[in-house]
Amino acid sequence: MAGIARHLPEYMKDAFAAQGVDPETIVFAIHTDMDRSGAHADAYTAVTMDELIMITGEEIVQPTKNARRIIARYDARAIERIPIAELTDIETERLVATGRLNAAMNGEPRALLVFSIGFLGDAERVAQVIKNIKEKRAPLLDVSIDTNRFCPKCGERYPEIGRAVCPHCMNQRSITRRLLGFFQHYRANVLLIIIVMIAGSAFSVITPIVSSRMLFDDVLTIGGRYYGMLGAMVGVILLVRALNLVMNMLYSFVLAKTVPWIVFDLKMRIFEAMQRLSVGFYTSKRTGALMNRINRDATNIYWFFVDGLPYLVVNSLTFAGVITLMCIISMRLATIVIIVLPVSILMFRMLWGSFKRFHHKNFVYGAQLNSMVSDSVNGQRVIKAYAREDAEANRFASVGNKQAYVDVALNKIAFTAFPLIYLFLFLGQVLVTLIGGMMVVRGEITIGEFLTFTAYLTMLYGPLEFMSWVSIWWARCVDSAQRVFEIIDAKPDVTEPEHPAEIDAMRGCIEARGVRFEYDPATPVLKGLDLEVGAGKMLGIVGKTGAGKSTLANLIARLYDVGEGEIKIDGINVKEWPLAKLRQDIGIVSQEIYLFIGTIADNIRYAKPGAGMDDVIRAAKAAAAHEFIMRLPDGYETRVGAGGQDLSGGEKQRLSIARTILQNPKILILDEATAAMDTETEAAIQTALTALQKDRTTIAIAHRLSTLREADSLAVIEDGKVTETGTHTELMKKMGAYFKLYKLQMEGLRVINMDAEG
């Protein structure tokens, strides 16, 4: 109960409290977007143990003085409190673009809530909570609440499901700590880099003392300590410069050996994290954006560590050392510099926020352009078939123009602001030259000290100029790091069970009970599906497109997790099976086929990397693929491109079947496995599959009902439920949905034959 209240925004807690509702009494609450008239509003509905409370109003976003981000307040316009005891017949109603939560009050039907269709799932949970309370059960029984969608620190909802990074709470300091964490396995190398950098910085700071002060005050001055020893002083200057060069070379060598491995580890962390994520993650992401996260974002971090962080340390040490020595030489002149520098640093700091925003926009547009390139390459046949080349070019140009404008704006700021800052610094140098020259004339400092101070002042420009550019690199690095950590921290929807069942061998008995599932909220695909198939038996599944046949296959293999209900294999819930064991024993030949870049043999043995060539050929023959493979230029060593675009649809499908045959699973799922094949090839495949199905459970999904006549049993799925089961003969006698589908297909074949004969 307190858990739900904790995740209410603070301003909503205040709004409920202002209406006399204690937030801690709320057992469930949702936010919807309409009032009962259908007008836009911010509506909050809360359920306590006694009441249904509905507040309608408006969320008003407002900035706060000196705040780092905006805050919100809630302006309540209306409130209604209904005793739960008065509510009966609570149910949701799905309309075209909206939904309703309906109930009866004193026998009169009434719409309690109206909302956009995307909130239908939340409304169903409200209805379930009220039903549980009325039936004296636990309020949240059978109510799924994903508390992982909220940040435990601020209580705000995460922008994306599965993303465990809160943009409000993530700050530069935490990002910096995590980035530096990639150095932990290279502590010795990093320590050596720091020591070398400190030594190099020290030699850089010493150089002006030797080449200016000692040269002019002690060597070129009558009565100086080293008067006349010009050759020796030149030798000292050369030695200092040589040592400085050696330190820089050593630093570069160690850095070159260390940083690439750090970035390699970073890319591996991203890639491994992506492999752990569920299938649902990839269906909601664009290819270009994901490619950017591995390549561009990791590279941005790499360049900051190569050209940014190490030199930042060097320049920071140099800066601190130079300022200290300037104060020792002349406190009066150093005071002028100390007054000028903070103003310049403040100017650089003000520019950093703008650079970060521009780099984020640049990434967004870059990801869109990458996705367009990917779509264009993979969809060239469709583009050319519809003569859409110019339209695609215009679409690319539209986004490209936006990215160009962002780059232009960034460059305008950089090439306008930085020269102005340098001009301000130059004015400081003029002032130092004027006052320092007067001090030399009055004998307050020597000519050597003045020249040394001027040299140090010039040395400050290098670190300051670097700071101006490193702010851009750092802005780009932080923006990239935030996206990288989003991937690393994302949690998969399908996870390994904490206490997996101990299983010796799979028999293949499948049982589904009350299975409900939806890809998108309020759009259920399976609606309480019940199904059973015995070990070693073949079940044929038929139904219209979109009925949920392929979804059932994905749930059995646990590519997704069921929303409600359960699927068992050998009496054990699939959520308790070790994932590797489960998927090792389930083979899927899908209607969506992908072949990796590589040879034909490599693609077949992908299911079993250690398989020998004899096993590969045996599997290809069983899938009726051997003959067409031998006709290829290099046989089994022929390379195919990404997605196998060098092969026909039927050839790719046969390779997919060969891959599954080599896997030798205990459960075989054929999802339209022969859809892209001609009649002759299909007959050969069916013969091979009949032999393959021996002693293993088979689920065959097909639109061609003739391919399922030999199944031990058939199931008809309509609107997410199993409506008919039985053998072919039994279902034909029922004259139901299966009978209609079969007669319709036979009639279509008869017409085709008549046309062929005519």
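This is a predicted model: local features need pLDDT of at least 70, side-chain atom pairs count only at pLDDT 80 or more; totals for chains, interfaces and linings use all residues.
Q: How many helices and strands does the chain have?
A: There are 22 helices and 19 strands in the chain.

Q: And what share of the residues counts as buried?
A: The figure is 44% of the chain's 758 residues.

Q: What about contacts between residues at least 6 apart in sequence: what percentage join residues at least 24 apart?
A: That percentage is 67%.

Q: Back to the surface. Which residues form a nonpolar patch there?
A: One such patch is made of Leu-420, Leu-423, Phe-426, Leu-427 and Val-430. Together they have about 490 Å² of accessible area.

Q: Where does Leu-420 lie, then?
A: Leu-420 is part of helix α12, which covers residues 389-441.

Q: Is Leu-420 buried or exposed?
A: Leu-420 counts as exposed because its relative accessibility is 54%, and the cut-off for exposed is over 50%.

Q: Which strands are joined to β16 by bridges?
A: Strand β13 (residues 586-589) is joined to β16 by 4 bridges, and the two run parallel. β16 and β17 also run parallel, with 5 bridges between them.

Q: Which residues stand opposite each other in those pairings?
A: Gly-587 stands opposite Leu-668 in β16. Leu-670 has Ala-700 in β17 as its bridge partner.

Q: Let's stay on β17. Where is Thr-698 found, and is Thr-698 buried or exposed?
A: Thr-698 is in strand β17, residues 697-701. Thr-698 has a relative accessible area of 0%, so Thr-698 is buried.

Q: What is Thr-698 in contact with, leaving aside neighbours within four places in sequence?
A: With those neighbours set aside, Thr-698 is in contact with Lys-537, Met-538, Leu-539, Leu-668, Leu-670 and Gln-693.

Q: New topic: helix α19. How far does α19 reach?
A: α19 has 15 residues, numbered 649-663, and reaches 21 Å from its first C-alpha to its last. That is close to the 21 Å expected at 1.5 Å a residue.

Q: Why is α19 called largely enclosed?
A: Because 13 of its 15 residues are buried. Asn-664 follows α19 and has a positive phi, near 55 degrees.

Q: And α14: how many of its residues are buried?
A: In α14 (residues 549-556), 7 of the 8 residues are buried, so the rest of the structure largely encloses this helix. Among the buried ones are Thr-551, Leu-552 and Ile-556. Arg-558 follows α14, with a positive phi near 55 degrees.

Q: Last one. Where is Tyr-742, and what is its relative accessible area?
A: Tyr-742 is in helix α22, residues 737-757. Its relative accessible area is 10%, so Tyr-742 is buried.

Q: How far is Tyr-742 from His-728?
A: Tyr-742 and His-728 are 14 residues apart in sequence and 9.8 Å apart in space, C-alpha to C-alpha. Leaving aside neighbours within four places in sequence, Tyr-742 is in contact with His-728, Leu-705, Arg-709 and Met-732.

Conventions:
Residues are numbered from 1 along each chain as its sequence is written. Side-chain values use heavy atoms; hydrogens and water are left out. Buried means under 20% relative accessible area, exposed over 50%, partly exposed in between (1.4 Å probe, protein chains only). Contact means heavy atoms within 4.5 Å. Patches are made of residues with over 30% relative accessible area and no salt bridge: like charges are joined within 9 Å, nonpolar side chains (Val, Leu, Ile, Met, Phe, Trp, Tyr) within 5 Å. Accessible areas come from the Shrake-Rupley method with a 1.4 Å probe; for residues, only the protein chains shown count as cover. A salt bridge is a side-chain nitrogen of Lys or Arg within 4 Å of a carboxyl oxygen of Asp or Glu. Two strands pair if DSSP finds at least two bridges between them. The expected span of a helix is 1.5 Å times one less than its number of residues.
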